[in-house]
Amino acid sequence: MELRNRVFLLLGGSGGIGQALIQPLVEAGSRVIVASRHPKPMVGQADGVEQVSLDLAAPDLPRVLADLSKAYPDIDGVIHCAGQNIFTGIEDLPVAALDSLLSVNLRSAILVAHHFVPRFRRQGRGALVFVGSTFGSIGFPGYGVYCATKFGVRGFSESLRRELADTAIQVLYVAPRATQTSMNPTAVNDLNAALGNRMDSPEAVAGEILAAMKSDQQRRYLGWPEKLFVRLNGILPRLVDRAMLKQLPIIRRFLQSGVSS
């Protein structure tokens, strides 16, 4: 994928992985429209970067996207790396939080494609980059709804890529493992440490996303042994069941402590 002279709409660009993507995209020659619910002032904001307010949980998101599209008619790529994450047992998850997870993580990804695919068809090119998660391939205790949304994003992007395989529209899916972002409270970081889970920096993940884009890699899974567990879970899920059963007492201890974000 050629990044020079591209205009990307970056969803979830105010923090974490999204924020780490901005400068590399600009250095590659792209113009970046950074969309977030509450835009934050950027220190030393580079030329080629603009900020817009966009609530991905908005009930009228299709209309909001249409207005944004009119304001920026030269957008020819979207990077969806916005997301919410809550670590809690299903019985302790408020319905409002459940609805928000579904809206931000999954519904918005589908509606973004629903809006931009016809436009990209008319333009003769376009790119949709979805940032998923290892938990989009492996169900993990305490992340049930988050996993459901990320499984959904993975399935949707796979279906969409095959649906558009004979067009000039590119669909990429990148699945990071645990990442050091503010979305994780201290207790979740402690859980990862207790389980021996490695965590990547947002900058490292952003570099992997850019590498996938530059090489037109349609699917990219990050981290070892996480990539191995993804394959094992698809072929021999009982082995992963047994491994997680051994970890369950540790996971349950953190669940009972009321860990959430």
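**View 1. Packing of helix α3 against helix α4.** The axes of helix α3 (residues 95–123) and helix α4 (residues 144–163) cross at roughly 10° and come within 8 Å; axes are lines fitted to C-alpha atoms, for helices over the stretch in contact, and angles run from 0 to 180 degrees between N-to-C directions. The structure is a predicted model, in which local features need pLDDT of at least 70 and side-chain atom pairs count only at pLDDT 80 or more, while totals for chains, interfaces and linings use all residues. Residues are numbered from 1 along each chain as its sequence is written, and side-chain values use heavy atoms, with hydrogens and water left out. Helices (H or I, at least four residues) and strands (E, at least two) are DSSP runs, numbered from the N terminus. The two helices α3 and α4 are therefore roughly parallel to each other (angles under 35 degrees count as roughly parallel, over 145 as roughly antiparallel, 65 to 115 as roughly perpendicular and the rest as oblique). The crossing of α3 with α4 is right-handed, a term used if the near helix is turned clockwise from the far one by less than a right angle. On the α3 side, Leu98, Leu101, Leu102, Asn105, Leu106, Ala109, Ile110, Ala113 and Val117 meet Val145, Tyr146, Thr149, Gly152, Val153, Phe156 and Leu160 of α4, where contact means heavy atoms within 4.5 Å. This contact of α3 with α4 comprises 13 nonpolar, 3 polar and no charged residues; Ala, Val, Leu, Ile, Met, Phe, Trp, Tyr, Cys and Pro count as nonpolar, Asp, Glu, Lys and Arg as charged, and the others, Gly among them, as polar.

**View 2. Helix α4 and its covering elements.** Helix α4 has 20 residues and spans 28 Å from its first C-alpha to its last, close to the 28 Å expected at 1.5 Å a residue (1.5 Å times one less than the number of residues). Its buried residues are Val145, Tyr146, Cys147, Thr149, Lys150, Val153, Ser157, Leu160 and Arg161, buried being under 20% relative accessible area with a 1.4 Å probe, protein chains only. Among the elements covering these residues of α4 are α3, β5 (126–131), β6 (169–175) and β7 (219–221).

**View 3. Surroundings of phenylalanine 135.** Phenylalanine 135 occupies the loop between β5 and α4. Neighbours within four places in sequence aside, phenylalanine 135 contacts Phe140, Tyr143, Tyr146, Cys147, Lys150 and Phe151. Its C-alpha is 9.3 Å from that of threonine 149, which is 14 residues away in sequence.

**View 4. Packing of helix α1 against helix α6.** Helix α1 (residues 16–27) and helix α6 (residues 202–214) pack with axes 8 Å apart, at an angle of about 55°. That angle makes α1 oblique to α6, and their crossing is right-handed. The contact joins Gly16, Ile17, Ala20, Leu21, Pro24 and Leu25 of α1 to Pro202, Glu203, Val205, Ala206, Ile209, Leu210 and Met213 of α6. Its residues are 11 nonpolar, 1 polar and 1 charged.

**View 5. Valine 205 in helix α6.** Valine 205, a residue of helix α6, is buried, with a relative accessible area of 0%. Excluding residues up to four places away in sequence, valine 205 touches Ile17, Pro176, Thr179, Asp200 and Leu222.

**View 6. Packing of helix α2 against helix α3.** Helix α2 (residues 61–71) and α3 pack at about 45°, their axes 10 Å apart. That makes α2 oblique to α3, in a right-handed crossing.

Definitions and conventions: Buried means under 20% relative accessible area, exposed over 50%, partly exposed in between (1.4 Å probe, protein chains only).
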